[in-house]
Amino acid sequence: MTLFPGVALVTGAASGIGRATAYGFAREGCTHIVIADVSLAGLEETFTNIKSAFPSANVLFKQTDISQPDQVSALLDLTIESFGRVDYACNCAGILDAPKRSHDMDLQDFDRMVSINYRGSWLCSREELKHMIKQEHLPSHDGRPGFRGSIVNVASQLGIVARPNAPAYCSAKAAIINLTKSDAIDYSKDSIRVNCVCPGVIETPMIQPNMGYLSSAIAIAPMNRCGTADEVADCILFLSSSKASFVQGAAMVVDGGYTIN
């Protein structure tokens with residue numbers, strides 16, 4: 001029996017952690033998956049990869065800018081109209097910025113970072129919760145109490161500790177962690193679980209231009225390597241599943257030990 005008999009929604013699915021998460025749902029037996037990203041070409045590639053490996057999976061994709069409320073609403077409308085519910089919402093979309101101190105940043109750069117990384121996560125969560133709160137409980141894999149839905153946000157190790165020249169990124173990711181905790185408190189009574197993961201330096205296309213700058217962060221972590229998108233996706237899948245039925249408001253750190261050193 002699959003751990004994922006319901007409907008999965010993954011943003012940021014054109015590459016990196018989002019792509020690995022969407023693929024992971026299909027690999028673990030989820031047959032109803034919606035993927036979204038601002039990159040249409042990347043979405044089409046993710047769709048093709050999943051369908052080639054798992055032909056029975058029913059996969060939909062929709063180009064979505066998560067900083068735009070109407071586009072987020074349209075994404076959830078598509079999900080509900082197509083599959084009737086949303087059970088595992090994984091908010092993976094995000095961006096990095098160029099290294100700058102606060103006085104070197106202009107308002108446009110700051111607003112873009114916060115609009116996508118923090119506000120976008122909130123917009124997605126808000127729409128997901130609107131639908132989850134109205135749907136019936138999804139049975140668990142082994143008879144333990146089911147739930148109406150699970151949301152997993154993607155924060156960062158830099159939401160817990162800071163690094164130089166990243167004030168907007170660090171503050172946006174810290175905000176996601178407390179958004180997660182606040183929603184977890186508010187929606188526990190509705191049988192909705194809300195958690196987040198805090199990745200360290202993960203080998204994805206998004207960080208490639210910054211690898212030189214990030215090499216010192218890799219060296220600090222006891223494991224002394226980049227993580228992989230699959231390693232983060234596995235944690236997202238666990239938090240989404242009924243195996244994590246008593247995990248609520250957690251910020252699961254996936255950073256090779258960076259934050260304990």
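Predicted model: local features only at pLDDT ≥ 70, side-chain atom pairs only at ≥ 80, totals over all residues.
Helix α3 passes helix α4 in a right-handed crossing. The axes of α3 (residues 69-83) and α4 (residues 107-132) come within 10 Å and cross at roughly 35°. On the α3 side, the contact is made by Pro69, Val72, Ser73, Leu76, Asp77 and Ile80, and these meet Arg119, Leu123, Cys124, Arg126, Glu127, Glu128 and His131 of α4. Sorted by class, the contact of α3 with α4 holds six nonpolar, two polar and five charged residues.

Next comes helix α1, which takes part in two of the pairs described here.

With helix α7 (residues 229-240), the axis of α1 (residues 16-27) comes within 8 Å, and the two cross at roughly 55°. That angle makes α1 oblique to α7, and the crossing is right-handed. From α1, the residues in contact are Gly16, Ile17, Ala20, Thr21, Gly24, Phe25 and Arg27, while α7 brings Ala229, Asp230, Val232, Ala233, Asp234, Ile236, Leu237 and Ser240. By class, this contact of α1 with α7 has eight nonpolar, four polar and three charged residues.

With helix α2 (residues 40-53), the axis of α1 comes within 10 Å and the crossing angle is roughly 25°. Angles under 35 degrees count as roughly parallel, and α1 and α2 are therefore roughly parallel to each other. Their crossing is right-handed. Here α1 uses Arg19, Ala22, Tyr23 and Ala26, and α2 answers with Gly42, Glu45, Thr46, Asn49, Ile50 and Ala53. The residues of the contact of α1 with α2 divide into five nonpolar, three polar and two charged.

| Helix pair | Axes come within | Crossing angle |
|---|---|---|
| α1 and α7 | 8 Å | roughly 55° |
| α1 and α2 | 10 Å | roughly 25° |
| α3 and α4 | 10 Å | roughly 35° |

About 40 Å³ of space lies in the largest cavity. By class, the lining of the largest cavity has six nonpolar and three polar residues, with no charged ones.

Methods
Residues numbered from 1 in each chain as written. Heavy atoms only, no water. 1 Å grid on protein atoms, 1.4 Å probe; cavity = no way out; pocket = protein on both sides within 12 Å on 5 of 7 lines; lining within 4 Å. Points joined across faces, edges and corners; volume = space filled by probe spheres on them. Nonpolar A, V, L, I, M, F, W, Y, C, P; charged D, E, K, R; others polar. Axes fitted to C-alpha atoms, helices over the stretch in contact; angles between N-to-C directions. Helix = DSSP H or I, 4+ residues; strand = E, 2+ residues; numbered from the N terminus. Parallel < 35°, antiparallel > 145°, perpendicular 65-115°, else oblique. Left-handed = near helix turned anticlockwise from the far one by under 90°. Contact = heavy atoms within 4.5 Å.
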